[in-house]
Amino acid sequence: MALRSIARDMVKKYQMYIGGKWENPSSGEWFETLNPYTAEPWALIPRGNSDDAARAVQAAHRAMHVGEWPKLNATQRGALMRKLGDLIAANAERLAEIEVKDNGKLISEMRGQLNYIPQWYYYFGGLADKIQGSVLPIDKPNMFTYTKHEPIGVVVGIIPWNSPLMLVAWKLAPALAAGNTVVLKPSEFTSASLLEMMSLVEQAGFPPGVINVVTGFGNEVGPTLVEHPQVAKVAFTGSDATGQKIYESAARGLKRVSLELGGKSPNIVFDDANLDNAVNGAIAGIFAAVGQACIAGSRMLVQESVHDAFVEKLLKATRAIKMGDPMLAETQVGPVANIPQFDKVLSYLDIAKKDGAHLAIGGERSYRPECGKGLFIEPTVFTGVKNNMRIAQEEVFGPILSVIPFHDEEEAIEIGNDTLFGLAAGVWTQNMKRAHIMSDRLKAGMIWVNTYRMVSYMAPFGGYKRSGLGRENGIEAINEYMQTKTVWMSTGEEPYPFVLR
């Protein structure tokens, strides 16, 4: 017990950020967050509850209506956002290392993300004072009619554990640019990097209450955040099952909702493709983030005439993958982010085998020396997969690739669209006519041709079907955080007629 007490004293103890102040949880409780590489605790996260969530919403509501934030014009809001972007850029290495420690992603990927994240605050900060209404050529005489766009109010952003600060930026930047105030709820598995970022929010000079962070478990914090009457919108990224529950709860208060949910994306290889490039795209699409991405190319559709040659190249590349410490630049595959997800992925390995899929490589926990006691699963490829198998229909969120053969374009489209999801799809072909046909007919919000996993602050991101509602990134994103007001002004000199309508 004494050793355990000493160990707890050595880990960092965080506080929540509410109303511009660092606050202890009203429960007086903290919980451990684990480093998935070592499977050991490294920090203590505040265990927030309903009272903390309500305080955060109330702080955001006050900041929305009184104080400095509503007095700022759009140009001033944009300047604050650009300053925050500069501070994130200056602290990118430190924040990247915290994310690696918290969720096990590769330092090479996290450095890339953290150095890119400031662009969201620059882009939407620049967009803040370019939101324009319009004068309407109205059909009524003696009327001057125009529209203007206004913020919707308090926004709750619920963030997943796979790329916390990146997905915070996708919600926070457009919400601030539109003039809203925000309460952020990170995953209980990866709260540290966002809490660290809040010190940069303070340095940037945001007024108290504009940005708040409540940590804790979803069932203890989430209902209050989603159902609070002072919340105008909920923006969520996560599983489709949780998204549906949030949608239903928010609907009772007629709140706006945007949902970026799961995927079961087809990555389609035709016989005229450059197979080496397609293999690289397959590896990047499923193993680079340990499959822990909503856009993971988890279904590999390969034309029958090149199936065997492609699989041979794919297995050769998979055998060469370097696993181990995610803080090392040469590591290509790191650990699964948390214990519940680790157990879930292992269960799907058994499901796939029982359903008759052929295990071509991997299929078990990794016992490589360089993986130590971490939450590692060997990169896995199943062949002989049929699209009605659970491994091909359900989102696993792990390093498991299902290879499915197809005969021609029609069958590729049929298989590609035969899923409840519609987030993304990849197409590998040298035939531009085919590339356009596939892009037109695949039911997904994003199509990549001869590339995979490309995202930008300038390009809309979102899905069809159970992959979500609304769009993040690009000019379209800011529309998710505004409401339109129409103003009618009479210009007539005659007395206004008394008319009952």
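Is K465 buried, partly exposed or exposed? K465 counts as partly exposed because its relative accessibility is 40%, where buried means under 20% relative accessible area, exposed over 50% and partly exposed in between (1.4 Å probe, protein chains only).

1. Basis. This is a predicted model, in which local features need pLDDT of at least 70 and side-chain atom pairs count only at pLDDT 80 or more, while totals for chains, interfaces and linings use all residues. Residues are numbered from 1 along each chain as its sequence is written, and side-chain values use heavy atoms, with hydrogens and water left out.

2. K465 sits in strand β21; helices (H or I, at least four residues) and strands (E, at least two) are DSSP runs, numbered from the N terminus. The phi of K465 is near 50 degrees, a positive value in a residue other than glycine. N473, also not a glycine, has a positive phi of about 75 degrees. Most residues other than glycine have a negative phi. N473 belongs to the loop between β22 and α17 (474-479). Its relative accessibility is 0%, so N473 counts as buried.

3. Salt bridge R466 to D240. A salt bridge here is a side-chain nitrogen of Lys or Arg within 4 Å of a carboxyl oxygen of Asp or Glu. By this rule there are 21 salt bridges. In one of them R466 pairs with D240, and the closest N and O atoms are 2.9 Å apart. The pair links distant parts of the chain, 226 residues apart: R466 is in the loop between β21 (464-465) and β22 (468-469), and D240 is in helix α10 (residues 240-251). R466 is partly exposed, at a relative accessible area of 31%, whereas D240 is buried at 17%.

4. Salt bridge R441 to E410. The side chains of R441 and E410 form a salt bridge with an N to O distance of 2.6 Å. R441 lies in helix α16 (residues 432-441) and E410 in helix α15 (residues 409-417), so this pair ties together parts that are 31 residues apart in sequence. R441 is partly exposed, with a relative accessible area of 35%, and E410 is partly exposed at 45% relative accessibility.

5. Salt bridge E150 to K148. E150 and K148 meet through their side chains in a salt bridge at 3.6 Å, N to O. E150 counts as partly exposed at 23% relative accessibility. K148 is partly exposed too, with a relative accessible area of 35%.

6. Helix pair α3 and α6. The axes of helix α3 (residues 74-90) and helix α6 (residues 118-127) come within 8 Å and cross at roughly 170 degrees. That makes α3 roughly antiparallel to α6. Axes are lines fitted to C-alpha atoms, for helices over the stretch in contact, and angles run from 0 to 180 degrees between N-to-C directions. Angles under 35 degrees count as roughly parallel, over 145 as roughly antiparallel, 65 to 115 as roughly perpendicular and the rest as oblique. Contact means heavy atoms within 4.5 Å. On the α3 side the residues that meet α6 include G78, M81, R82 and L84; on the α6 side the residues that meet α3 include P118, Y121, Y122 and F124.

7. Nonpolar patch. V135, F144 and M489 make a nonpolar surface patch of about 270 Å². Patches are made of residues with over 30% relative accessible area and no salt bridge: like charges are joined within 9 Å, nonpolar side chains (Val, Leu, Ile, Met, Phe, Trp, Tyr) within 5 Å. Accessible areas come from the Shrake-Rupley method with a 1.4 Å probe, and for residues only the protein chains shown count as cover. M489 is part of strand β23 (residues 482-490) and, at 40% relative accessibility, counts as partly exposed.

8. Q113, in helix α5 (residues 107-116), is buried with a relative accessible area of 10%. Not counting residues up to four places away in sequence, Q113 touches K105, S163 and M166. G363 is in the loop between β15 (358-361) and β16 (380-383) and counts as buried at 8% relative accessibility. With residues up to four places away in sequence again left out, G363 touches L349, K353, E378 and T380. The C-alpha atoms of G363 and Q332 are separated by 18 Å, and these residues are 31 apart along the chain.
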